[in-house]
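Biologist: I have a structure open and would like to learn to read it. Can we go through it in questions and answers?

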Amino acid sequence: YTRGTVTAFSPFDARADAEALRKAMKGMGTDEETILKILTSRNNAQRQEIAAAFKTLFGRDLVDDLKSELTGKFETLMVSLMRPAYIFDAHALKHAIKGAGTNEKVLTEILASRTPEEMRNIKQVYLQEYEANLEDKITGETSGHFQRLLVVLLQANRDPDGRVDEGLVEQDAQVLFRAGELKWGTDEEKFITILGTRSVSHLRRVFDKYMTISGFQIEETIDRETSGDLEKLLLAVVKCVRSVPAYFAETLYYSMKGAGTDDDTLIRVMVSRSEVDLLDIRRELRKNFAKSLHQMIQKDTSGDYRKALLLLCGGDDE
């Protein structure tokens, strides 16, 4: 069951697709249209089969060919589509923590939104691909409470959803209230432990109870009492607990709102959610921002890059 816009293509013929892609890239000039049509309409598992067929038939690496034939954002998008989900996330994290300056935005987005199972897979793939421990890498590049919450999320030990204990809900809400609104200087540790380890259904009840006790949404308290990277991460965790699709709808909205487009974020979200919940994200964007994702992409991008993004987006929500 998926709420993605991209699903398995049928009838699927990996060899025929591989041949069409080779033809599109052979000789003078590249037929971008064929490339984008094939890659956006096959799911990731099928793209891997196409790459295998491509190697068998032509002795060539499909991703290398795409990199040498395409350029710019369109190239980034097509190459991203070729990466299996966990490799895609591991790669994004690796690039977020390498070299000068850390990209906290990427760390925040991935660690706040992925399920515990996804997180465990990402860590395993990271170790295989890069022969390095993701937690060590992240702790080496971050500090303070921001680092602590990232480490808690990396443990992927959030309680599984089950029966919610109202007594514990009341207790957690009181602890957060005392740690946030009632105290000079917030007790971040309490926020980190509760937000990083309790089950999603439990936390949703805690947020309701918090509102009842304090008269504030928990987001308002976080906004007032914390700042910088920690604030952004706490807010992302709260938003993902409330609704992952709503969180990504907001992320996409701000990647395109105003002057200039944050293409890295746009590509990352469109690719990573295309087989998961992009239909729900579209609906949330419509509901919360009165915008159509299709029209935002239409207005903010151009060329083959735009064509490919629109195909990934699927329909328009008018």
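Modeller: Let us start with a definition: contact means heavy atoms within 4.5 Å. One more point to keep in mind is that this is a predicted model.

Biologist: Which residues does Asp-65 contact, leaving aside its neighbours within four places in sequence?

Modeller: Asp-65 sits in helix α4, residues 62-69. Its relative accessible area is 8%, and buried means under 20%, so Asp-65 is buried. Leaving aside neighbours within four places in sequence, its contacts are Arg-22, Met-25, Phe-54 and Arg-60.

Biologist: Is Thr-265 buried or exposed?

Modeller: Thr-265 belongs to helix α17, residues 263-273. Not counting residues up to four places away in sequence, Thr-265 touches Lys-105, Glu-109, Thr-251 and Ser-255. Its relative accessibility is 3%, so Thr-265 counts as buried.

Biologist: What area do domain 2 and domain 3 bury between them?

Modeller: The size of an interface is often given as the accessible area lost when the parts come together. Here, 80% of that area is on carbon and sulfur atoms. The area that domain 2 and domain 3 bury is about 1,100 Å².

Biologist: How many residues in the contact of α13 with α15 are charged?

Modeller: From α13 come Val-200, Leu-203, Arg-204 and Phe-207. They meet Val-238, Val-241 and Arg-242 in α15. Five of the residues in this contact are nonpolar and none is polar, while the charged ones number two.

Biologist: What is the C-alpha separation of Phe-207 and Val-238?

Modeller: Phe-207 is in helix α13. With a relative accessible area of 1%, Phe-207 is buried. Leaving aside neighbours within four places in sequence, Phe-207 is in contact with Leu-195, Ile-218, Val-238, Val-241 and Arg-242. Phe-207 and Val-238 are 31 residues apart along the chain, and their C-alpha atoms are separated by 8.8 Å.

Biologist: How far apart in space are Thr-186 and Lys-137, C-alpha to C-alpha?

Modeller: Thr-186 lies in the loop between α11 and α12 (188-197). At 11% relative accessibility, Thr-186 counts as buried. Its contacts, leaving aside neighbours within four places in sequence, are Ala-179, Gly-180, Phe-191 and Glu-225. Thr-186 and Lys-137 are 49 residues apart in sequence, and C-alpha to C-alpha their distance in space is 28 Å.

Biologist: What covers the buried residues of α2?

Modeller: Helix α2 spans residues 32-41. Its buried residues are Ile-35, Leu-36, Ile-38, Leu-39 and Thr-40. The cover includes α1, α3 (44-58), α4, α5 (72-81) and α20 (303-313).

Biologist: On to the backbone. What is omega for the cis peptide bond at Pro-11?

Modeller: Pro-11 is found in the segment before α1 (14-25). The cis bond joins Ser-10 and Pro-11. Its omega is about -5°.

Biologist: What is phi of Ala-156?

Modeller: Ala-156 lies in the loop between α10 (144-155) and α11 (166-179). At 6% relative accessibility, Ala-156 counts as buried. Ala-156 is not a glycine, although its phi is positive, at about 55°.

Biologist: Is Ala-290 buried or exposed?

Modeller: Ala-290 is in the loop between α18 (278-289) and α19 (293-300). Its phi is near 50°, a positive value in a residue other than glycine. At 60% relative accessibility, Ala-290 counts as exposed.

Note on methods: Residues numbered from 1 in each chain as written. Predicted model: local features only at pLDDT ≥ 70, side-chain atom pairs only at ≥ 80, totals over all residues. Heavy atoms only, no water. Helix = DSSP H or I, 4+ residues; strand = E, 2+ residues; numbered from the N terminus. Nonpolar A, V, L, I, M, F, W, Y, C, P; charged D, E, K, R; others polar. Buried < 20%, exposed > 50% of the residue type's maximum accessible area, 1.4 Å probe, protein only. Buried area = accessible area lost by both parts, 1.4 Å probe.
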